[in-house]
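Hi,

Here is the structure I said I'd pass on. Have a look at it first, and then read my notes below.

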Protein chains: 2
Amino acid sequence: MTIVDIHTHVYPPAYMDLLRSRDTVPYVRTFPPSTEERLIILPGEDSSNSSTARGRPIGPEYYDFSYKIAFMDQHKIDISVVSLANPWLDFLPPSEAAETAMLINDDMDASCGLYPGRLYAFGTLPLSASVEEITEEIRRLKGMPWIRGVVMGTSGLGNGLDDERLNPVYEALEETGQTMFLHPHYGLPTEVYGPRASEYGHVLPLALGFPLETTIAVARLILSGVFDKYPGLTLLLAHSGGTLPFLAGRLESVIAHDAHLKDTNTAPKRSIWDVLSKNLILDAVVYSSVGLKAAVDVAGADRVLFGTDHPFFPPLEGEEDQPWLSVTTNYKAINDSFGLERGIAEGVLGDNAVRLLNLGFGRQSTGCGLEKI
Amino acid sequence: MTIVDIHTHVYPPAYMDLLRSRDTVPYVRTFPPSTEERLIILPGEDSSNSSTARGRPIGPEYYDFSYKIAFMDQHKIDISVVSLANPWLDFLPPSEAAETAMLINDDMDASCGLYPGRLYAFGTLPLSASVEEITEEIRRLKGMPWIRGVVMGTSGLGNGLDDERLNPVYEALEETGQTMFLHPHYGLPTEVYGPRASEYGHVLPLALGFPLETTIAVARLILSGVFDKYPGLTLLLAHSGGTLPFLAGRLESVIAHDAHLKDTNTAPKRSIWDVLSKNLILDAVVYSSVGLKAAVDVAGADRVLFGTDHPFFPPLEGEEDQPWLSVTTNYKAINDSFGLERGIAEGVLGDNAVRLLNLGFGRQSTGCGLEKI
């Protein structure tokens, strides 16, 4: 049995250099007198208030691949498919984007090559560059030994993923058979959390803003007809689809009742259920068996993939030596949901990822993560 | 077997008079040359654009209780627990709120009394009045024969439900043993739907905005510690909790990893799972067996209640004589999920509501809605 982590982030050295050279979000710097580097990736983190320090500490677990391997060993993970963490290259001036993307993708691929068979990666697109430059990079990524697709946020070229100017991008992804890993970053406008939000630390934007952003993005994509136009396009959705599995029925029902979509004959041709089971892959980063079972119900047991979100959600102070709770919670959800149907658990833990992302067979695992952790 | 609809709306005559007297949202008026009355309840509906007519037609199915009964008969519903539809009385000047609430609650109770045993109601609170006036109305409602709780939106006194000034309201609800039916209205800021949103009719705000609003509201309520303080408070959540069942695991995990909540010892004392299974009741208005099973998984099979959302989501043109698709979809979800476990289906269809809301036994049903529809 092979355990594969398909939701795991890294800032390779070339990207760290970029973050250290900046002084607006996103950036990395020290705040004297502390010598600790801190990462500020969200506008809301760029100040300190009563409940949140400025950004978060960033150490080698973010950029040193040997820490990734050590984390994998600690948690019995055989293979990781790493991706650049948000906000990727969304913020780059157009003139620098294409070149930077190449530099970072080369760095990522070469780093994976240092641990053959244990690390693969999703590439990053220069979304502020021209569409020609973006599709060129997609085609270039296809030829790189350890790259298996691309990671993208929800902003696309700036107007979201239902922007028709993205069609050549979807076409190139479909054509080259590369998976698009959709990941949130922008969350929701902070006013939705109300005047007491800061009392709750980072909870509301992280626990709700992220998955709701993904859900809205993929709903817009479905409504725009992208999956009618590119039936071979494959998206891997972070956090088990945000909350698409739960809301798919309501979305389908509201579409069926919308007079405008009916009058203009512009409803998506394929049902949400059909898209979910053929074009969407869900990670298993959902922290409960309730959510995991819903994910498996809609996408199919062969299209849900274990992930950790490492290095985010590390243990709190005093618990650093333990297996990460954020990881064991997801292992436990798989065990609780499918412990008696081992074919399903094995699929979710790794076999599905190996097959869907063509990861070869990696090294043989020393055992089942479920039991070892 | 008794079938109970606990999510079904009405604008009683006193409320219609109020809406007809207004010319800002919410209001009812005709747009000549048409003689049809239209209801505009959301600011976003107060203009016509390419994809949405101004508001929606409003006919007697909204305000004539005999239409409610006819709808119930058509869909084999024995008992309905009606509630004023959004936006309730949120918009009233403080000086008028208390008196208007009494008028409307009296109207609602008297209307239910015309169909003894078939209609019950959630009352409406004068939330723009003083907290004393609000709690006084809660105590008055307790004595009314057909009232079984209150319906509320997510804005509370204007700052959301985690506003400490609402504590006396929660205390009065707990003390009088009345259920608070939490229902969305305000959705999310429209910018989250992107520049193409109007092409998709009302789909994004209705399918996603509503449930996400509810989810955020109840998460804020949990984080504020209300359920630690009022362990006997009971909320019925519209649309199966928005998407709380799916995101409960993530919410719990993010809370467990939040350094601020740990440092300040301000995390809610009770787990989300505990609150879900003891303080929250979910309706079954979720339009899929995936969602329904998740709802039952988190709240328990004895705390999920059938509902229709009538008179919203009527059949589109040309299908008016058919059973409503929006209703049969929810019946089907119950049948698909629990067809072989009739105790669960019967609980969700009506027995749970009869027990939890003390509805008596109503009239005897002529049969099982599942089979008749």
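Let's start where the two chains meet: 17 residue pairs, both at pLDDT 80 or more, are in polar contact between chain A and chain B. A polar contact here is a pair of N or O atoms within 3.5 Å; within protein, one must be able to donate a hydrogen and the other to accept it, and residues adjacent in sequence count only if both atoms are side-chain atoms. On the chain A side, helix 7 gives the largest share, 13 residues. (Helices are DSSP runs of H or I, at least four residues, numbered from the N terminus.)

Before going on: this is a predicted model, where local features need pLDDT of at least 70, side-chain atom pairs count only at pLDDT 80 or more, and totals for chains, interfaces and linings use all residues. Residues are numbered from 1 along each chain as its sequence is written, chains are lettered from A and ligands numbered from 1 in the order written, and side-chain values use heavy atoms, with hydrogens and water left out.

Contact (heavy atoms within 4.5 Å) links 71 residues of chain A with 71 residues of chain B. Together the chains bury about 6100 Å², 69% of it on carbon and sulfur atoms; that is the accessible area (1.4 Å probe) lost on being put together, summed over both. In chain A, the residues that lose the most area to chain B are A:Phe246, A:Arg250 and A:His257.

There are also four salt bridges between the chains, meaning a side-chain nitrogen of Lys or Arg within 4 Å of a carboxyl oxygen of Asp or Glu. One pairs A:Arg196 with B:Glu164, the closest N and O atoms being 3.7 Å apart.

Cheers

Key. Buried area is the accessible area (1.4 Å probe) that two parts lose on being put together, summed over both. Helices (H or I, at least four residues) and strands (E, at least two) are DSSP runs, numbered from the N terminus.
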